[in-house]
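I open this notebook to keep track of what I looked up, one topic at a time.

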Amino acid sequence: MNDVNMLDTYKQAAAEAAVGAVESGMVVGLGTGSTAVHAIRALGRLLQEGQLTDIIAIATSEATAHEARAWQIPLSGLNQHPTVDVTIDGADEIDPALNLIKGLGGALLREKIVALASKQVIIVGDYTKRVGRLGERAPVPVEVIPFAQTPVAAYLKSLGARVIPRQHKGDLFQTDEGNIILDCYFEAISDAPALDQALRARSGVVEHGLFLGIATQAIVGGPEGLVYLQP
Ligand code: 5RP
């Protein structure tokens, strides 16, 4: 098995373990990305087998909604179901306190909204997602309204970031909400709460990919099996 397939096996094991937290009658937040998709499929299988019933799902992206529909998972929205029992989502980096960087899949805005509406947020991933300090490997994605791209990019540079506008097929990447993403490389982030405040202080920034104090558990797959982490 090559490395990518091996990592996918770890992701799948973590995602399937997280689905064990779902009970019949729950409202479930469905994350976005190559790990979260395994949770969607596992949930779909359990519903089809009748092992779970009366689930309502809230999708964190159009791609996730599409996958959920393929599995006939009933979908709703936060306006109808403002409290989510459990959300299962991936992450790009997980620090020892379960602070996260998310959004390399471009869905950070809806992901944060759904996570903040959730009683439990279970983060799933392979072991390469664990870092000593946020920003070691991943950029912090910052979702920005297109009108504000240039001044916000200048502001982000003033905070010490190397700013790369995210591209897709030769054009600017567009989020489900019609915004753009500026990927901000900070190397290691020494004060994540201060950066969180500085990012949210700027008009034109819609949301960013630092998820601080939001995860209630992480399940990480690796060569030694699953590791269960608490904040
Ligand atoms: C999407 C996300 C994803 O959860 C994150 O990028 C991890 O993705 P993957 O499971 O494919 O590694 O935040 O916006």
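**Ground rules.** I am reading a predicted model, in which local features need pLDDT of at least 70 and side-chain atom pairs count only at pLDDT 80 or more, while totals for chains, interfaces and linings use all residues. Residues are numbered from 1 along each chain as its sequence is written, and side-chain values use heavy atoms, with hydrogens and water left out.

**Ligand.** I looked up what surrounds the ligand and found 18 residues, a residue being near if one of its heavy atoms lies within 4 Å; the closest are Ser34, Thr35, Asp92, Gly103 and Lys129. For polar contacts I took pairs of N or O atoms within 3.5 Å. A polar side-chain atom of Asp92 lies 2.6 Å from a ligand oxygen, and an N or O atom in the side chain of Asp89 is 3.5 Å from an oxygen of the ligand. Gly106 takes part with a backbone N or O atom, 3.4 Å from a ligand oxygen. The ligand taken alone exposes 380 Å², of which the protein buries 91%, with areas from the Shrake-Rupley method and a 1.4 Å probe.

I next followed an open sheet with the strand order 5-6-14 and antiparallel pairing; strands here are DSSP runs of E with at least two residues, helices are runs of H or I with at least four, and both are numbered from the N terminus. Two strands pair if DSSP finds at least two bridges between them. Strand 5 (93-94) and strand 14 (210-211) are the edges, each pairing on one side only. Strand 6 (residues 100-101) meets strand 14 over two antiparallel bridges, and Ile101 stands opposite Leu210.

**Strand 12.** Which strands are joined to strand 12 by bridges? Strand 8 is joined to strand 12 by five bridges and runs antiparallel to it, with Pro141 and Asp183 as bridge partners. Strand 9 (residues 162-165) is joined to strand 12 by four bridges, also antiparallel, and there Arg162 stands opposite Tyr185. Five of the six residues of strand 12 are buried, so this strand is largely enclosed by the rest of the structure; buried means under 20% relative accessible area, exposed over 50%, and partly exposed in between, with a 1.4 Å probe and protein chains only.

**Cores and helix 6.** A nonpolar core is a set of buried Ala, Val, Leu, Ile, Met, Phe, Trp, Tyr and Cys residues joined through side-chain atoms within 4.5 Å. The largest has 25 residues, and among those touching the most other members are Val140, Leu182 and Leu210. Strand 8, helix 5, strand 12 and helix 6 each supply at least two residues of this core. A second, separate core of 24 residues includes Ala15 and Trp71. In helix 6 (residues 192-200), I noted Ala192, Leu195, Asp196, Ala198 and Leu199 as buried, and the buried residues of helix 6 pack against strand 8, helix 5, strand 13 and strand 14, where contact means heavy atoms within 4.5 Å.

**Two loop residues.** Most residues other than glycine have a negative phi. Asp54 has a positive phi of about 55° and lies in the loop between helix 2 and strand 2. Leu98, in the loop between strand 5 and strand 6, has a positive phi of about 65°. Is each of them buried or exposed? Asp54 counts as exposed because its relative accessibility is 62%, whereas Leu98 counts as buried at 1%.

Methods. A polar contact is a pair of N or O atoms within 3.5 Å; within protein, one must be able to donate a hydrogen and the other to accept it, and residues adjacent in sequence count only if both atoms are side-chain atoms.
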